[in-house]
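Here is a brief report on backbone, surface and pocket features. Look at the model first, then read on.

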Amino acid sequence: MPTLVKTIENGKVTYSLPHRARVVEDSQGTELYLEYKGRKVADV
């Protein structure tokens, strides 16, 4: 079973897989871009 990393962002708790890019969404849930270690790495 993979280990999840817990992150609190703007009062919202999110869980993600370590060493993987995550999808950043706006307030409506629209996918904007991929982020890795706080940096934008690709457009969605």
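This is a predicted model: local features need pLDDT of at least 70, side-chain atom pairs count only at pLDDT 80 or more; totals for chains, interfaces and linings use all residues.

H19 is exposed, at a relative accessible area of 67%. The cut-off for that class is over 50%, so H19 qualifies. H19 sits in the loop that joins β2 (12-16) to β3 (22-25). Its phi is positive, about 60 degrees, and H19 is not a glycine.

K37 is also a non-glycine residue with positive phi, here about 55 degrees. K37 lies in the loop between β4 (31-36) and β5 (39-43). Its relative accessible area is 65%, so K37 counts as exposed.

## A nonpolar surface patch

Which residues make the nonpolar surface patch of about 490 Å²? They are L4, I8, V13, Y15 and L17.

Take V13 from that group. V13 belongs to strand β2. Its relative accessible area is 41%, which means V13 is partly exposed.

## The largest pocket

The largest pocket has a volume of about 560 Å³. How many residues line it? The lining has 22 residues. E9, T14, R22, V23 and E35 lie nearest the centre of the pocket.

By class, the lining of the largest pocket holds 8 charged, 8 polar and 6 nonpolar residues.

Terms used. Residues are numbered from 1 along each chain as its sequence is written. Side-chain values use heavy atoms; hydrogens and water are left out. Helices (H or I, at least four residues) and strands (E, at least two) are DSSP runs, numbered from the N terminus. Buried means under 20% relative accessible area, exposed over 50%, partly exposed in between (1.4 Å probe, protein chains only). Patches are made of residues with over 30% relative accessible area and no salt bridge: like charges are joined within 9 Å, nonpolar side chains (Val, Leu, Ile, Met, Phe, Trp, Tyr) within 5 Å. Accessible areas come from the Shrake-Rupley method with a 1.4 Å probe; for residues, only the protein chains shown count as cover. A salt bridge is a side-chain nitrogen of Lys or Arg within 4 Å of a carboxyl oxygen of Asp or Glu. On a 1 Å grid over the protein atoms alone, a cavity is a set of points where a 1.4 Å probe fits but cannot get out, and a pocket is an open set with protein on both sides within 12 Å along at least five of seven lines; lining residues have an atom within 4 Å of a point. Grid points are joined across faces, edges and corners, and a volume is the space filled by probe spheres set on the points. Ala, Val, Leu, Ile, Met, Phe, Trp, Tyr, Cys and Pro count as nonpolar, Asp, Glu, Lys and Arg as charged, and the others, Gly among them, as polar.
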